[in-house]
Amino acid sequence: MAAARALRVGGGCRGRLLASSASSSAGGRAAERGERPDSAGLGFRPPAHSHSDWIGPPDKHSNLRPIIFYVPPEESALERRLREARQEAQASNQRFWARHNRAFHQEKEEFIYSRLKAKGLEMRDESGQKATLNAEEMADFYKDFLSKNFKKHLQYNRDWYKRNFRITFLMGQVALVRALRWLRRRKKNVEQ
């Protein structure tokens, strides 16, 4: 079922990443054997004949869509560095947002429980429905949560920019190498 929801990414878009560093090493071993990298528990697996990256359904903890990257059989060292940089960035994003979302939901439940308790109310009303707070009370929670996590978000943004600058630089290098290779082939074909 999840395989049907996976999206194929083709053409010029070649993002690369697996969900964790452990899965990236398993994917590398599979690629060395000429196989499609394992989805490492992502809930979907692209067909072995695919030559495109595949994007899966959102992760239940981070809400990020995992990507299984196509590894060409004759991947150069520079292309491998780019793929690994993308895998590292995706794994880092996955870890950060999974932790952040878990903390958010836990603190939100604790906040709601403490406010309801202060009002003398239970977590469920008479009909068994989960009790809620009004928008103004929840705004207090959101403001406090964002203030408390400001430094974490600032550090995440710095790291995100560093990773993406590195990825962009590597993408430029790969594009330049490919363009030079194409020009050499074209020149060789003209001379023949």
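Q: Which residues of α3 and α4 meet in this model?
A: The model is a predicted one. From α3, the residues that meet α4 are His 100, Ala 103, Phe 104, Glu 107, Lys 108, Phe 111, Ile 112 and Arg 115. On the α4 side they meet Glu 137, Met 138, Asp 140, Phe 141, Tyr 142, Phe 145 and Lys 148. Sorted by class, this contact has 8 nonpolar, 1 polar and 6 charged residues.

Q: How are two packed helices described?
A: The angle between the axes and the distance between the axes describe such a pair. Here α3 and α4 (residues 135-148) pack at about 140 degrees, and their axes are 11 Å apart. That angle makes α3 oblique to α4, because only angles over 145 degrees count as roughly antiparallel. The crossing of α3 past α4 is right-handed.

Q: Where is Glu 75 placed, and is Glu 75 buried or exposed?
A: Glu 75 sits in the loop between β3 and α3 (77-118). Its relative accessibility is 18%, so Glu 75 counts as buried, the cut-off being under 20%.

Q: What does the side chain of Glu 75 make a polar contact with?
A: The partner is the side chain of Arg 83, at 2.8 Å. Leaving aside residues up to four places away in sequence, Glu 75 touches Arg 80 and Arg 83.

Q: What is the phi of Asn 63?
A: Asn 63 has a positive phi, about 65 degrees, although Asn 63 is not a glycine. This residue belongs to the loop between β2 (53-55) and β3 (67-68).

Q: Is Asn 63 buried or exposed?
A: With a relative accessible area of 55%, Asn 63 is exposed, since exposed means over 50%.

How values were computed
Residues are numbered from 1 along each chain as its sequence is written. This is a predicted model: local features need pLDDT of at least 70, side-chain atom pairs count only at pLDDT 80 or more; totals for chains, interfaces and linings use all residues. Side-chain values use heavy atoms; hydrogens and water are left out. Helices (H or I, at least four residues) and strands (E, at least two) are DSSP runs, numbered from the N terminus. Buried means under 20% relative accessible area, exposed over 50%, partly exposed in between (1.4 Å probe, protein chains only). A polar contact is a pair of N or O atoms within 3.5 Å; within protein, one must be able to donate a hydrogen and the other to accept it, and residues adjacent in sequence count only if both atoms are side-chain atoms. Contact means heavy atoms within 4.5 Å. Axes are lines fitted to C-alpha atoms, for helices over the stretch in contact, and angles run from 0 to 180 degrees between N-to-C directions. Angles under 35 degrees count as roughly parallel, over 145 as roughly antiparallel, 65 to 115 as roughly perpendicular and the rest as oblique. A crossing is left-handed if the near helix is turned anticlockwise from the far one by less than a right angle, and right-handed if clockwise. Ala, Val, Leu, Ile, Met, Phe, Trp, Tyr, Cys and Pro count as nonpolar, Asp, Glu, Lys and Arg as charged, and the others, Gly among them, as polar.
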